[in-house]
Amino acid sequence: SNVVEKCLQYGNQQQKTTIIDEVTRPSNTEPAKEGEEPKSTLLIMIKDQYANYVIQKVIDLADRRQLDNIMIELRAHLVQVKRCTYGKHILARMEKATGQKV
């Protein structure tokens, strides 16, 4: 996660946009199979003890379109995000960045 955070911090605008777009890309709209969690890059990263810091940095650097994509993903998986240890930090960061409640 440190490497990705440094890329976001020091990379050029095209590099930052590429990384942020990859992380914020909407998940597969197909429902997950029974007993299986949805395949959301954002959700997987939020649950990880290190990758959640990358998401926080992404929120700080994202443009409006990217923040909207993050908001869509967060709302789609809100129950799971609230349950995970690091999810509360992500939700607080999003509310601060967008001025809207998730």
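Arg-25 has a relative accessible area of 45% and is therefore partly exposed; buried means under 20% relative accessible area, exposed over 50%, and partly exposed in between, with a 1.4 Å probe and protein chains only. Its salt-bridge partner is Glu-22, with the closest N and O atoms 3.0 Å apart. Glu-22, at 43%, is likewise partly exposed.

This is a predicted model, in which local features need pLDDT of at least 70 and side-chain atom pairs count only at pLDDT 80 or more, while totals for chains, interfaces and linings use all residues. Residues are numbered from 1 along each chain as its sequence is written, and side-chain values use heavy atoms, with hydrogens and water left out.

A salt bridge here is a side-chain nitrogen of Lys or Arg within 4 Å of a carboxyl oxygen of Asp or Glu. By this rule there are five salt bridges. One of them joins Arg-65 and Asp-21, with 2.9 Å between the closest N and O atoms. Because Arg-65 lies in helix α5 and Asp-21 in helix α2, the pair ties together parts that are 44 residues apart in sequence; helices are DSSP runs (H or I, at least four residues), numbered from the N terminus. Another joins Lys-101 to Glu-95 at 3.9 Å. Lys-101 counts as exposed, at 65% relative accessibility, whereas Glu-95 is partly exposed at 28%.

Helix α7 contains Ile-90, which is buried at 0% relative accessibility. Beyond its neighbours within four places in sequence, Ile-90 is in contact (heavy atoms within 4.5 Å) with residues including Ile-46, Ile-55 and Leu-74.

Arg-93 also lies in helix α7, but is partly exposed, at 26%. Its side chain makes a polar contact of 2.9 Å with that of Gln-56; a polar contact is a pair of N or O atoms within 3.5 Å, where within protein one must be able to donate a hydrogen and the other to accept it, and residues adjacent in sequence count only if both atoms are side-chain atoms.

Terms used. Helices (H or I, at least four residues) and strands (E, at least two) are DSSP runs, numbered from the N terminus.
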